[in-house]
Amino acid sequence: MRNVPPNSSRSQPGNPRRALLAVATAVATAAGAGVATTILASPAAAAAGCAVDYRVTSQWPGGFGASVSVTNLGDPVTSWQLTWSFGAGQTITQAWNAAVTQNGAQVTADNVGYNGNLATNASTEFGFNGSWNNSSNPVPTTFALNGTTCTGGVAPTTAPPPTTAPPPTTAPPTTAPPTTAPPTTAPPTTAPPTTAPPPTTPPPTPGPGAKQMEDLDRGLISVRSGSGNLVSWRLLGTEAAGTGFHVYRGSTRVTSSPVTASTNYYDAGAASNASYTVRAVVGGVEQPASPASLTFADGYLDVPLQVPPGGTTPSGEWYSYSANDASVGDLDGDGQYEIVLKWDPSNAKDNSQSGYTGNVYVDAYRLDGTRLWRVDLGRNIRAGAHYTQFQVYDYDGDGRAEVAMKTADGTRDGRGSVIGNSGADYRNSSGYVLSGPEFLTMFDGQTGAAISTVNYVPARGNVSSWGDSYGNRVDRFLAGTAYLDGQRPSLIMSRGYYTRTVIAAWDFRNGNLTQRWVFDSNSSGNGSYAGQGNHSLSIADVDRDGRDEIVFGGATIDDNGRGLWNTSLNHGDAGHVGDLDPGRSGLEYFKVQEDGSKPSSALIDARTGQIIWQTPTGGDNGRGVSADIWAGSAGAESWSSAVDGLRSPTGGNVGRKPSSANFLSWWDGDPVRELLDQTRIDKYGTSGDTRLLTGSGVASNNGTKATPALSADLFGDWREEVIWRTSDSRALRIYATPHTTDRRIHTLMHDPQYRVAVAWQNTAYNQPPHPSFFIGANMPAPPTPNVYLR
C-alpha cells in the first residue's frame with residue numbers, strides 16, 4: 001500500500017468554520033444557555049511563534065464543549081504545552097487528545113504520545129468538556145505555547161519543510177506496476193504529517209452509542225408556492241425537538257412567535273426572489289442567523305454542468321455523455337452539500353453485453369455550478385451500471401467528505417495525476433477488461449486528489465471461476481458505507497453475487513485505507529452464502545447492537561464480517577430495509593426474487609432472517625417496493641411486479657397495486673410516502689393515483705429503471721428533494737416540495753441509516769432510502785438521533 005499525504009487543500013484558511021486564528025483578545029461571549037456557538041479569538045495581532053483557534057462547539061446549562069487547534073509558527077518541537085487562564089470561573093471536566101490539568105484559573109494542556117511532534121506551520125487539535133457559571137463564557141485572552149505567548153514570538157531559524165506533496169514533475173511510468181503494491185499518484189516527497197489524529201480519536205462531546213455525522217447548516221430554502229414562498233429548514237439531529245425558530249425576510253422578521261410545530265413557514269404575498277434567514281430561539285434568546293436561503297423560484301434549482309466531450313471507440317463508434325447517478329457530501333466543510341456526479345457514455349454496457357465503452361468521468365460541483373474537479377477513470381474501467389459504484393462520505397471525521405471508487409491503470413485524479421501506467425490498455429477485442437491491476441482509491445473531496453490507493457479486494461483471479469468465461473459475473477460490484485464500530489463510518493466494497501461473493505470492509509484514517517475484514521463465500525463455513533446477493537445492498541443495524549450490518553440480498557453479514565443469517569432466497573433486483581411493521585419489534589426487510597423456484601417476494605425479520613410472509617413462485621420478479629403509501633392500512637404496504645395487489649405488514653392483500661414500483665418520496669404535507677417514477681411524483685389512492693409533480697425539461701436515468709440522479713432529504717425540512725438531469729445534461733434540476741406540513745422531524749440526513757442509504761443509493765440498481773424508524777400514518781413521535789457532529 002502506498003499513500004499520498006493529505007495536500008494543503010484539506011485545510012481551509014478561508015473557511016470561517018475551519019479558520020485558524022491567532023489569539024489576541026476575546027471578541028465574543030455566549031448569549032444564553034443551550035447555545036451551539038463557535039467562538040473565535042481575534043486575528044488582529046498574529047503571533048510569530050504560535051497561533052490558536054479556540055472554539056466553543058456546544059453549550060448547555062452549566063456546561064460546554066470546546067475544540068482547541070494550535071499551530072506552531074516557530075522552530076519544530078518534539079513536545080508541546082499550551083497554557084491559558086479562564087476569566088469567568090470555567091472548569092475543565094474531561095479532555096481528549098491532550099493531558100489537561102487546571103489550577104484555579106490556570107489551565108495547562110500537554111501533548112499525548114502521538115501528537116507531540118509539531119513541525120513549523122504544523123497544527124494539532126484537542127478538545128474538552130467544561131462547566132461554566134451560566135452568565136458568561138468568554139474566550140481566554142492569551143495563550144502560550146512552550147512558554148511563548150501566541151501574540152508574539154521568534155521566527156523559525158530553520159527552513160520549514162513542505163507540508164504537501166508537490167505535483168508530479170516526471171512522466172508517468174510506462175510499465176505496469178506490480179500487483180502486490182498498487183501505486184497512487186506520484187510518490188510523496190515529504191513524510192506525511194505527524195500530527196494526524198489516531199484512529200480512535202474521541203468525538204467532541206460523545207454520548208453512549210453516538211455516531212459521527214456531518215456538521216450541516218440549516219439547509220434553508222425558499223420554494224415558490226402559489227403567490228408566496230414556502231420557507232423550509234433543517235432541525236439538526238443535535239437539537240431539542242421543541243427548538244423554536246424565527247423567520248426573517250431580509251432584515252424583517254415575519255414570524256410573530258417562534259415556529260415550534262414544524263420547520264417550515266409560508267410567507268404569503270412575498271416576491272419570488274425574496275431572501276430569507278432563520279434564527280433558532282433557545283431559552284428565549286435568538287441565536288445567530290443562518291446562511292441565506294437558496295431560491296427555488298420556479299419550484300426547482302438548476303446546477304449547471306460541464307458536459308465531457310464525446311469520443312470514438314477503437315471500433316470507430318462515436319459516443320457522447322449524459323449525466324447519470326449523483327451523490328452528495330460536504331466536500332469543503334462549510335455545512336452545505338456539494339454534488340458528486342457520474343457521467344456515463346452513450347455506449348455504456350451491461351456486463352452481459354460486449355463492446356467498447358467510453359471512459360467514465362466523476363465530477364464534483366458546488367450548487368452554483370462551480371466544478372471542483374473531474375476524475376477520469378480511464379480506458380481500463382468499463383462503463384455500465386455494475387462497474388463503478390462510488391461512495392461519498394466523511395470517513396476520517398475531519399469535517400469534509402471523501403470520495404471512494406474502484407480505479408485502474410490510467411485513472412487520472414482531480415489534479416491531473418495518473419494512477420499507475422497511463423499507457424496501459426487491457427481491453428480485449430470484446431471491450432471487456434479482464435486483466436491488469438485493479439485498485440481502490442480514496443479521493444480528497446475538495447480537490448479530487450488521490451489520497452490513498454490499495455489493491456482492490458478481491459482480485460479477479462480466474463475469470464471463469466465466477467461463473468462464466470467472458471466477463472459477466474466477475475465484474476459485478478456493489479458498494480456502501482456502514483458504522484461497523486458503532487461510531488465511525490467504514491467503506492464497504494464487494495465483488496460477485498451470482499456465485500462467489502466477497503465483501504471487504506475498509507477504514508480510512510490518517511490518510512490511509514486499511515482493511516478491517518473480508519467476508520468470502522469461498523471460505524470455510526461460508527459456502528451457503530454464495531449466490532445470495534442482490535443488484536443492490538442495504539446497510540442497517542438489524543440486531544440493534546449499535547453497529548451496522550450489510551443486508552446483501554438473501555443474506556446478511558454481521559458488523560464483524562461473519563455471516564449473520566441466510567434465507568437461501570438467492571439473487572434479486574430490489575430490497576427495502578426499515579421499520580415496515582411498527583407493530584413488531586425491530587426492522588423488517590422486503591425482498592423480491594429473480595429465481596423462479598423461490599417465493600416471488602417475502603417480508604423478512606431483519607434481525608433473524610425469519611420469513612414473516614411470502615408470495616407464491618412466479619418467475620423473475622424484477623421490481624418491488626415497500627413503504628407506507630396508504631393511510632387506510634397500518635404500517636408499510638409492499639408490492640411488486642409479479643404479484644397482484646398491495647400487501648399489508650401481515651401479508652394480506654389490502655387493495656389496488658400502485659401504478660409504479662420504483663422509487664419513493666415524502667412530498668406532500670402528511671407522513672404517508674408518495675410514488676416517484678420516471679420524471680413524476682404521484683400520490684397513491686384506492687381508485688387511482690394523483691399526479692403531484694411532473695418534472696419539466698428533465699430525464700430519468702438508467703433506461704427502464706427510470707431512476708432519478710438522486711432523491712433524498714437534501715435541504716429544508718424532513719421531506720425529500722429529487723434531482724433529475726435536464727434533457728440535454730447541461731444541468732441537474734433539483735425539485736423541492738411547495739407544500740406546507742405540520743410535522744416536525746429532525747433532518748433525515750442525521751439518521752445514520754437514512755444517511756448511509758443516500759450514500760449507497762447510486763449502487764447498481766438504485767433503491768430509495770429508508771430511515772431507521774417508521775414514518776407514516778399514525779406514527780409515534782419520531783426519536784431524537786443519537787449523533788455527534790465533526
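Predicted model: local features only at pLDDT ≥ 70, side-chain atom pairs only at ≥ 80, totals over all residues.
Residues are numbered from 1 along each chain as its sequence is written, and side-chain values use heavy atoms, with hydrogens and water left out. Local features need pLDDT of at least 70 and side-chain atom pairs count only at pLDDT 80 or more, whereas totals for chains, interfaces and linings use all residues.

**The disulfide**

Select Cys50 and Cys150, which form a disulfide with sulfur atoms 2.1 Å apart; the term requires a pair of cysteine sulfur atoms within 2.5 Å. A search of the whole structure finds one such link. Cys50 lies in strand β2 (residues 50–60) and Cys150 in the loop between β10 (148–149) and β11 (211–213), so the pair ties together parts that are 100 residues apart in sequence. Strands (E, at least two residues) are DSSP runs, numbered from the N terminus. The angle about the S-S bond is -115°, and the link of Cys50 and Cys150 is left-handed. Both Cys50 and Cys150 are buried, where buried means under 20% relative accessible area (1.4 Å probe, protein chains only).

**Aromatic pairs**

Rings of Phe, Tyr and Trp (its six-membered ring) pair if their centres lie within 6.5 Å; planes under 30 degrees apart count as stacked, over 60 as edge-to-face and the rest as tilted. The count by this rule is 24 aromatic pairs. Select Trp84 and Phe126: their ring centres are 6.4 Å apart and their planes at 25°, so the pair is stacked. Trp84 belongs to strand β4 (residues 81–85) and Phe126 to strand β8 (residues 123–131), 42 residues apart. Trp84 and Phe126 are both buried.

Next, display Tyr456 with Phe477, an edge-to-face pair at 5.4 Å centre to centre and 85° between the planes. Tyr456 sits in the loop between β30 (450–455) and β31 (477–482) and Phe477 in strand β31, so the pair ties together parts 21 residues apart in sequence.

**Charges over rings**

Then select Arg374, over the face of Tyr361 at 5.5 Å from the ring centre.

**A buried lysine**

Finally, select Lys342 in strand β24 (residues 338–345). Lys342 is buried, with a relative accessible area of 2%. Beyond its neighbours within four places in sequence, Lys342 has contacts (heavy atoms within 4.5 Å) that include Asp325, Tyr361 and Phe390.

Technical notes
Helix = DSSP H or I, 4+ residues; strand = E, 2+ residues; numbered from the N terminus. Buried < 20%, exposed > 50% of the residue type's maximum accessible area, 1.4 Å probe, protein only. Lys NZ or Arg CZ within 6 Å of the ring centre and 35° of its normal.
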